Amino acid sequence: MLRAAFRRQRRTALGGSLLFISHQAGEIGVPIVAALVIDKAIVTSDVRLLVLHLLALAAVFATLSYSWRFGDRLVERATEATTHELVVDLTTRILHPAGGLSGSSLTGELVSTASSDAGKVGSIFGAAAGGAAALGALIVASAVLLNISLALGLLILIGLPPVLVGLQQVVRPLERRFRAQQDQAAAASGVATDLIGGLRILKGLGAEVAAGDRYRAASQNSLATSLGASRLDAVHEGLNVAVTGALLAGVAFAGGRLAAQGRISIGELIAAVGLTQFLIGPLFRLGSSGADLARSRASARRVADVLSAPFAVTQGCDALTEPVRGELVFDDVSGSLSLKVAAGEFVGVVALDPADAYRLLDLLARNTSCSEGRITLDGVEVGSTGIENWRAAVVVSPHDADLFEGKFSDNVLVAAPHPERLAEYLAAAGADGMAAALPDGIDTPVTERGRSLSGGQRQRTALARALASEAPVLVLHDPTSAVDAATEARIAVNLSALRSGMTTLIVTTSPALLAVADRVLVLAGGSVTGEGTHSRLLVSDPAYAEAVLA
Amino acid sequence: MRPTEPQPTEPQGRVILPIASRSETVKTLAGIVRPHRLRGAVMLSVLLGRATLGLAGPLLLGSIVDLVVEGNPVNDMLRPFILLLVVAAGEGILAGLGTALIARFGEPVLATLRERVLDRALGVPLSDIERAGTGDLVSRVGDDVSAVSEAIRFALPALMGAALSICLTIVGLGVLDWRLALAGLCAAPIQLYTLRWFLPRSAPLYARERLIKGERAQQLFDSIDGASTVRAFRLSEPHTSMVRTRSRAVFDLVLQTVKLQSRFFGRLNLAEFVGLTAILIVGFMLVGDGVITIGAVTAAALYFQRLFDPINILLYLIDEAQSAGAALARLVGVANLPGPPVSAPQDEGPAITSGLSIRIQGLGFAYQVGPPVLHNIDLEIAPGERVALVGVSGAGKTTLAKLIAGIHEPSGGEIRIGEAGMAELGSDGIRRLVCLVTQEIHVFSGSLSEDLRLAKPDASDGELERALELVGAVNWAAAMPDGIATVVGEGGFRLTPTQVQQVALARLALRDPPVAILDEATAEAGSSGARMLEAAASRILKGRTSLVVAHRLTQAASADRVVVMEEGRIVEVGTHAGLVKAGGAYSALWKAWSFSRS
């Protein structure tokens with residue numbers, strides 16, 4: 001995929017690189033033509049030659065200017081097109097229904113791969129074109145220098161690299177220091193945003209002074225690192241200037257002697273000095289474009305890892321027969337889990353060990369494959385159906401369900417076959433009063449991840465969304481944990497009414513919800529250990545009573 | 001607050017943070033720079049010295065050319081050669097010194113500024129934050145500080161260096177001959193025109209680019225972080241296409257920016273050509289008249305060619321300097337807010353840990369816009385008593401809690417804590433006595449022990465462990481990879497919402513206030529987590545005067561007294577048992593809650 005993305009931009013990037021080389025050739029041409037003007041026209045006071053050479057100078061400037069203008073556009077086009085393509089590819093892979101990348105601790109890394117690594121891979125083109133241009137410039141300038149004088153050319157071409165390599169040796173630790181400096185600065189900035197992000201908590205505790213002290217320590221640490229790095233920076237800058245100056249002095253001296261002996265012309269002497277000054281740039285850039293390429297390669301590896309990550313679940317391609325009745329059967333799943341939920345039944349599930357709850361939810365959501373035993377819906381085995389077909393029939397709304405940026409009503413109706421029934425869903429989720437109280441009612445925008453709502457509001461919105469899916473089988477996990485007692489009781493009654501005729505599973509320990517269930521299953525040690533109505537289990541199962549009652 | 005600019009207000013009366021005016025920014029910055037002014041002067045003279053010395057190079061190269069033209073003996077070139085070496089060494093030393101001095105001047109100024117901004121940000125009253133949110137403040141201490149730092153570290157030295165070498169080169173040309181300087185200045189009108197053409201076009205484009213890149217990043221975060229929900233509701237395709245749309249918008253805009261930039265540099269190339277040509281023509285005429293030597297023209301051409309880069313840098317960076325200026329104005333706006341209390345609350349006066357009552361009389365409250373939220377509240381909480389506040393969402397429980405915590409000021413009536421009224425206590429006094437823990441889930445990044453020490457900086461490891469023990473967190477805390485030294489929070493070890501709230505309660509235990517207010521502090525955890533947190537809260541609240549906003553009635557049942565609120569009024573007060581027996585509103589709530597619990 002990565003390679004295909006590059007191949008599509010190959011022509012654009014190649015064109016850009018050629019134009020970059022032509023730009024560099026123009027840059028070389030400027031000091032040479034300027035030297036020729038002095039040598040041929042000014043020394044001889046020949047107006048005709050002056051005009052001719054100035055026209056040549058104009059041509060050189062036009063070449064370098066237009067080469068850069070269009071080369072830059074092409075290279076940037078290749079860079080941005082690749083970045084765009086990779087961002088879309090990465091998103092497609094990360095959001096793929098069959099999963100495989102959804103470990104929650106990875107989220108931050110995935111976001112940074114999709115947002116920053118994709119861009120760094122794209123900038124391979126910039127680094128490559130820059131490198132090609134530098135190399136081209138080097139070759140052209142060397143040819144010109146050798147043409148002026150073999151001795152002088154060799155002096156420069158043999159003398160320059162070791163000097164620059166030496167300077168690079170000074171740069172390398174500098175780069176490390178620079179990175180350390182960036183890390184420290186990022187750390188200090190992270191401390192600041194983190195403290196301000198938790199400002200309400202700090203204020204509630206009266207811990208502002210302690211927080212200020214903490215930041216001051218981080219800031220001073222960052223200051224010390226910056227100052228340390230700047231010392232090295234200063235040495236490098238000083239050496240750079242001094243060595244370059246000495247090099248120019250040497251070339252001028254040697255060139256001057258050759259010119260005095262009549263072996264090169266004045267123009268050639270001036271051109272040699274100008275070219276030496278020019279050559280330092282491309283040589284440095286050649287080194288840094290190598291480092292850029294290395295960085296891009298590291299990013300490319302991370303991108304490739306994500307794109308080629310194995311899927312978490314395998315799928316068939318069967319669809320379920322419409323209409324889905326919603327009869328769910330587990331047969332010896334993972335060795336010991338057997339249960340049966342009749343079509344249209346409203347079942348509560350109490351897991352004494354939360355791990356059992358998560359395993360059940362993951363299997364129903366098809367976040368994991370059923371490797372042992374059989375799960376069927378209306379008699380059709382889970383693995384034989386397409387994931388999207390399955391999820392059209394079975395909606396599993398997680399406890400920490402996320403909301404998305406957009407209008408409140410759009411969040412609720414994101415998967416709703418009957419958007420006109422919005423009011424019913426909101427009422428059943430206990431979100432009607434809350435929606436009415438929002439600044440613009442149901443049209444109120446919700447910021448990313450639903451942050452503009454409180455925890456309780458988010459939970460009721462997510463519940464309304466789950467209900468709006470009208471899924472033949474709806475699975476809810478602790479849907480009312482952040483809701484007040486009175487509202488929870490109302491939700492329990494309305495919820496069971498709204499879902500009547502459709503299969504509903506609620507994984508919870510909330511008595512209010514369990515009380516309205518037709519039947520409650522108790523899970524322990526990977527299998528069903530109890531079954532009955534809520535009131536019966538309270539009496540008959542002491543472990544259940546303890547789990548459900550505070 | 002200082003009488004500065006009028007507070008910018010958003011529609012709906014939402015107060016946002018101030019942005020400093022230009023003169024205020026300059027004044028504040030001057031205040032920060034003043035202690036470092038000597039260092040600044042030394043830095044400027046070193047930079048000036050370096051640029052001046054830099055003029056000698058082309059002059060000496062020109063003199064070598066003259067020696068060749070005049071046919072002088074080869075050995076005469078030794079003198080300019082040695083001088084060139086000396087100049088190179090001197091320039092190197094001054095360049096290194098300049099770089100070091102820029103950092104020694106700029107970095108401490110930067111550190112002072114960012115520390116002051118954070119100090120002031122910490123001092124913003126909670127009522128303002130409740131209204132405006134923390135987003136703006138976070139972006140100021142984060143993005144704006146970074147933007148200003150980048151500018152001070154990279155753009156400012158480059159700008160100063162470029163400006164100095166441009167000015168001095170013109171002087172250098174003038175030293176060769178004033179007509180050469182005039183010829184060089186032929187480029188200036190084109191450059192000024194280009195700049196005036198570029199800036200009004202680039203600024204909005206750059207602003208839009210930042211905005212659109214931000215939108216792309218936000219969409220990526222929204223979709224990827226919510227991937228499990230995206231899959232559950234079969235939203236993979238719509239979300240991928242939203243990312244595609246926003247990513248495509250970035251693509252289009254970046255290419256537009258590149259196009260503008262390449263035209264900008266194209267026009268600057270024209271200026272370079274015009275300037276260089278003018279110098280060569282003037283040189284041609286002056287040499288023809290015998291006014292100057294070939295070497296002088298060579299030096300002039302070298303001078304001018306050396307200017308290409310600094311001029312491009314200067315013109316290009318003006319843009320960045322402008323946006324850094326905007327960020328700076330936002331920082332100074334915060335830096336000039338009143339600061340936080342000078343000392344930590346626990347440092348003041350003798351510690352009072354118990355024996356404080358809360359008396360509320362005739363309390364009323366309304367937000368700036370909107371109808372009254374609380375009406376005529378009377379309530380007395382005895383020293384050490386635990387009162388639970390119950391009612392449906394929107395009944396005014398949280399508002400009452402915030403008033404007692406001193407976050408908002410009542411519009412009528414009064415609150416007394418112990419013997420003192422809120423006004424006598426002042427915000428420092430209230431914070432010394434009252435702590436508020438809300439349902440907000442946030443664990444500070446850094447080690448767990450650092451997080452806890454925010455509540456009590458001098459706490460020993462033993463104290464931290466006792467606090468964790470009290471909230472039932474000691475087992476999982478010890479089981480983390482590095483125990484309480486484990487890094488938690490963003491990018492660190494992930495804690496569950498229950499664990500985060502345990503940490504919040506442990507902070508409360510360490511802070512040890514006489515009055516504690518819990519506003520649905522257990523709400524974000526699942527039901528089993530909530531039970532654990534309630535037990536922890538009970539242990540911590542023992543002996544403290546406390547008010548618990550309860551969303552689970554078990555919290556009410558275990559409180560000394562229950563207060564029921566409806567539509568901003570207290571409708572029932574009594575013990576749990578008494579209210580259940582009384583058959584009123586609470587009794588109905590309890591029945592619904594415990595329907596089959598017994």
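**A friendly note on chains A and B**

1. Let's start where the two chains meet. In this predicted model, the contact draws on 147 residues of chain A and 145 residues of chain B. Together the chains bury about 12,700 Å², and carbon and sulfur atoms give 67% of that area. On the chain A side, A:Leu95, A:Arg200 and A:Leu205 supply 6% of the area that chain A buries against chain B, more than any other three residues.

2. One to find on your screen joins A:Arg216 to B:Asp119, with the closest N and O atoms 2.9 Å apart.

3. Which helix gives the most to the side of chain A that touches chain B? Helix α8 of chain A (residues 208–260) does, with 32 residues. The residues on that side of chain A divide into 76 nonpolar, 41 polar and 30 charged.

4. Now turn to a sheet within chain A. Six strands form an open sheet in the order β6-β9-β10-β3-β11-β12, with mixed pairing. At the edges are β6 (394–397) and β12 (527–532) of chain A, each pairing on one side only. From one strand to the next, the twist averages 20°.

5. Finally, zoom in on strand β9 of chain A (residues 473–477). Five bridges join this strand to β10 of chain A (residues 503–507), and the two run parallel. A:His477 stands opposite A:Val507 in β10(A). Helix α15 of chain A (residues 455–468) lies across β6 and β9, running at about 165° to β9(A).

Terms used:
Residues are numbered from 1 along each chain as its sequence is written. Chains are lettered from A and ligands numbered from 1 in the order in which they are written. This is a predicted model: local features need pLDDT of at least 70, side-chain atom pairs count only at pLDDT 80 or more; totals for chains, interfaces and linings use all residues. Side-chain values use heavy atoms; hydrogens and water are left out. Contact means heavy atoms within 4.5 Å. Buried area is the accessible area (1.4 Å probe) that two parts lose on being put together, summed over both. A salt bridge is a side-chain nitrogen of Lys or Arg within 4 Å of a carboxyl oxygen of Asp or Glu. Helices (H or I, at least four residues) and strands (E, at least two) are DSSP runs, numbered from the N terminus. Ala, Val, Leu, Ile, Met, Phe, Trp, Tyr, Cys and Pro count as nonpolar, Asp, Glu, Lys and Arg as charged, and the others, Gly among them, as polar. Two strands pair if DSSP finds at least two bridges between them. Axes are lines fitted to C-alpha atoms, for helices over the stretch in contact, and angles run from 0 to 180 degrees between N-to-C directions.
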